[in-house]
Amino acid sequence: DVLTWFASPVGIPCRPWTEAAHRNGVKILGTIFTDANGFNTLIQRDASGNYIGAQKLVDVANYYGFDGWFFNEESNLTAAQATELINLLKQLQTIKPAGMEIHWYDSMLPNGRVSYQNTLNTSNAPLLQDGTSRVSDAIFTNYFWQGAGTFNTAVTTANSLGRSPFDVYTGADIWPGRNPQQLFNQTSWINNFYT
């Protein structure tokens, strides 16, 4: 349904990939990784108090023809900076055109500290939905989940926010030697395939 063009610090999808995705009914998102310099640029405001970066992100996506942004904040921020970033995301929700999506990666918490939750829970829920304010259209959880409890927590939390459980994306890390989901262990797959 959605392809995230994963690049840093700002990943703008290549046109052939965007066209191939759209031909197949798939949305494609650019990526925002922030560091101290990029973050300070992103949260600058105009004389009316609007985030200049929010409008620029919409303009860039529209110009290049892709469908939104995936935010990956994996560096610690102060609580004040985190609030600025959340408010920028909220502004994106109000100015983005219909069909554009804003996704959040399960990394930074609302207090600015990086703490991977590996599910949607009450700690990271405000980065998806803050009361009646939509912050992100989806959250992609970190990979180190274990067992059904992960999914039960995500579904319960999404429902409590008035959001669909399908707004929570979960992946499997199949990188050799570090994947916590042994179901996806390459050796297990090969052994199961040949037995």
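Strands are DSSP runs of at least two residues marked E, and helices are runs of at least four marked H or I, with both numbered from the N terminus. The labels in the legends below follow that rule. The model shown is predicted.

**Figure 1. The protein chain as a whole, with 6 helices and 9 strands.** The chain holds 195 residues, and buried residues make up 42% of them. Contacts between residues at least 6 apart in sequence can be sorted by how far apart the partners lie: 67% of these contacts join residues at least 24 apart. The close-up views that follow take up parts of this chain.

Figure 2. Helix α5 runs over residues 147-160, and T150, A154, T157 and A158 in it are buried. These four residues lie on the same side of α5, because the arc they cover around the axis is only 100°. An α-helix has 3.6 residues a turn, so residues three or four places apart point the same way. What do the buried residues of α5 pack against? Their partner is β9, residues 168-170. On the other side of α5, the exposed residues are A148, T156 and S160. After the helix comes G162, with a positive phi near 75°.

**Figure 3. The packing of helix α3 against helix α4.** Two packed helices are described by the angle between their axes and the distance between the axes. For α3 (residues 52-64) and α4 (residues 79-95), the angle is about 50° and the axes are 9 Å apart. Angles under 35 degrees count as roughly parallel and those from 65 to 115 as roughly perpendicular, so α3 is oblique to α4. The two helices cross in a right-handed sense. From α3, the contact is made by A54, Q55, L57 and V58, and from α4 by L88, Q91, L92 and I95. Sorted by class, the residues in this contact are 6 nonpolar and 2 polar, with no charged residues.

**Figure 4. Q93, a buried residue of helix α4.** Q93 is placed in helix α4. Residues under 20% relative accessible area count as buried, so Q93, at 14%, is one of them. Which residues does Q93 contact, leaving aside its neighbours within four places in sequence? The contacts are with I102, R134, V135, S136 and D137. One of these, S136, is 43 residues away from Q93 along the chain, and the C-alpha atoms of the two are separated by 7.5 Å.

**Figure 5. I43, in the loop between α2 and α3.** Helix α2 covers residues 36-42, and I43 lies in the loop between α2 and α3. The relative accessible area of I43 is 16%, so the residue counts as buried. Not counting residues up to four places away in sequence, I43 touches Y51 and E84. The C-alpha atom of I43 is separated by 7.0 Å from that of L88, although the two residues are 45 apart along the chain. L88 is also among the residues of α4 that make the contact with α3.

**Figure 6. N118, a residue other than glycine with a positive phi.** Most residues other than glycine have a negative phi. What is the phi of N118? The value is near 65°. N118 lies in the loop between β5, residues 101-105, and β6, residues 129-130. Is N118 buried or exposed? N118 is buried, because its relative accessible area is 15%.

Key. Residues are numbered from 1 along each chain as its sequence is written. This is a predicted model: local features need pLDDT of at least 70, side-chain atom pairs count only at pLDDT 80 or more; totals for chains, interfaces and linings use all residues. Side-chain values use heavy atoms; hydrogens and water are left out. Buried means under 20% relative accessible area, exposed over 50%, partly exposed in between (1.4 Å probe, protein chains only). The arc is that of the directions from the helix axis to the C-beta atoms. Contact means heavy atoms within 4.5 Å. Axes are lines fitted to C-alpha atoms, for helices over the stretch in contact, and angles run from 0 to 180 degrees between N-to-C directions. Angles under 35 degrees count as roughly parallel, over 145 as roughly antiparallel, 65 to 115 as roughly perpendicular and the rest as oblique. A crossing is left-handed if the near helix is turned anticlockwise from the far one by less than a right angle, and right-handed if clockwise. Ala, Val, Leu, Ile, Met, Phe, Trp, Tyr, Cys and Pro count as nonpolar, Asp, Glu, Lys and Arg as charged, and the others, Gly among them, as polar.
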